[in-house]
Amino acid sequence: MTLISAGTVVFGGSALDAVSRPGWLDINGNRIVACGSGAPPRAVDVDFPDGVVVPGFVDMHVHGGGGSSYSTDDPDQIARAAEFHRAHGTTTTLASLVTAAPEVLLSQVRALADATQDGIVAGIHLEGPWLSSARCGAHDATQLRDPDPAEIDSVLAAADGAIRMVTIAPELPGADVAIERFVDAGVIVAVGHTDASYEETKRALQLGATVGTHVFNGMRPLHHRDPGPALALLEDARVTVELIADGVHLHPALVHQVAVTAGSDRVALITDAMAAAGMPDGMYQLGGLDVQVTGSVARLRERATIAGSTATMDALFRTAATGLESASDVALRHAVAMTATTPARTLGLDDVGALRPGMAADLVVLNRKLQVRAVAKRGVLTAGPPGT
């Protein structure tokens, strides 16, 4: 048993969404067995009197970090990327793969399926290859293809249940059948990298799509006579809206407005980070494409398209907690929802995303500046990144 006390605890979730000052958590093994406000019920084992304890971050869209990528069949590289983000508070990672040739994709899926089985990542997100060539962003346009039932079955078989989410452009030939096939397999379908119309997007939602992949980025823009996919995704209460709140992909005012209008229970902040996250400026790769990072902004070398981000979830949490609300307790609750509770619920992960009895002991300890001081995954407490 380990009793943790902190100056502030944000429990998250729908049942315990209060901000307690002070608060405490009692951990037995890898689970939370009790929690509460005020004075702890017994002697404290670990005390963070100036700390802010929040649920471990859940990043449902990330390609790599710390110099390593998930688009690989190298298990060591996969583990290094996950370890880098864990030090920044991400205790649950959905590893995202970019578009690749069929045989390469299958090899990467198998490697990530093993990593899922080992608990290194929480599953696989296929961001490609079934995307729009007009909105492909930093994907290899030469490898884009229409959804094919045989390839889908091969990918699902290789993953052995590890695929949790797939991004599809719903206007592609065969997309309707693909969406239904993935939904039937228990896979979350996201709409993204798409030139779909408003009506085509609504059709995808009717078929079972429930997520908007980094909304506004990689999709037909909003127009007053042609609202496109963004409006269809935002107006449907069943849809979780991914936002890359790194200050590069979206204007902060847009992030604020979506968070207010859609609500933090529908917004999932994502890093969309690639291998360059946490690394110096220079040349990197994303799915075989050359990426130049300058001033921490990643762009394809050939056409200057934004190529993922170099963000970490703790940075996004600080943005949400300090920039979206003026009342600190309200801001903390919304920040926890968008970085933990909402993505966990969207992915069907019922033991993470909040701090309450029976949940996994996944938590982040932040200092007064909301920088990561320590991280616990399944009850094992480790230090945050160097310099905090």
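These legends go with close-up views of a predicted model.

**View 1. D314 and the residues around it.**
With a relative accessibility of 4%, D314 falls well into the buried class, because buried means under 20%. Its side chain has a polar contact at 2.5 Å with the side chain of T312. Looking past the neighbours within four places in sequence, you'll find D314 in contact with F57, H88 and V372. V372 sits 58 residues away from D314 along the chain, yet the two C-alpha atoms are separated by 6.9 Å.

**View 2. Strand 3 and its two partners.**
Strand 3 covers residues 23–28, and five of its six residues are buried. One partner is strand 1 (residues 2–10), which pairs with strand 3 in the antiparallel sense over five bridges. To get your bearings there, find A6 and its bridge partner G23 in strand 3. The other pairing, with strand 4 (residues 31–37), is also antiparallel and runs over six bridges. Here I27 stands opposite I32 of strand 4. Strand 3 and strand 4 make a hairpin with two residues between the strands, and G29 in that hairpin takes a positive phi near 70°.

Which strands stand at the edges here? The sheet is open and antiparallel, in the order 16-17-18. Strand 16 (282–286) and strand 18 (297–300) are the edge strands; each has a single partner strand, so one side of each has no neighbour in the sheet. From one strand to the next, the twist averages 35°. Five bridges link strand 16 to strand 17 (residues 289–294) in the antiparallel sense, and Q285 has D290 in strand 17 as its bridge partner.

A handy residue pair to look for is S96, which stands opposite H125 in strand 10.

As background, nonpolar side chains in soluble globular proteins tend to be buried together. In this model the largest nonpolar core has 79 residues, and V54, Y70, V109, L126, F182 and F317 have the most contacts inside it. Helix 2 (residues 102–117) supplies the largest share of this core, seven residues. What does Y70 touch, not counting residues up to four places away in sequence? The list is V62, H63, G64, I78, A81, A82, T93, A95, S96, L97, L112 and V121. There is also a second, separate core of 16 residues, including F11, L25, A374 and A376.

Conventions: Residues numbered from 1 in each chain as written. Predicted model: local features only at pLDDT ≥ 70, side-chain atom pairs only at ≥ 80, totals over all residues. Heavy atoms only, no water. Buried < 20%, exposed > 50% of the residue type's maximum accessible area, 1.4 Å probe, protein only. Contact = heavy atoms within 4.5 Å. Polar contact = N/O pair within 3.5 Å; in protein donor to acceptor, adjacent residues only side chain to side chain. Helix = DSSP H or I, 4+ residues; strand = E, 2+ residues; numbered from the N terminus. Pairing = 2+ DSSP bridges. Axes fitted to C-alpha atoms, helices over the stretch in contact; angles between N-to-C directions. Core = buried A, V, L, I, M, F, W, Y, C linked by side-chain atoms within 4.5 Å.
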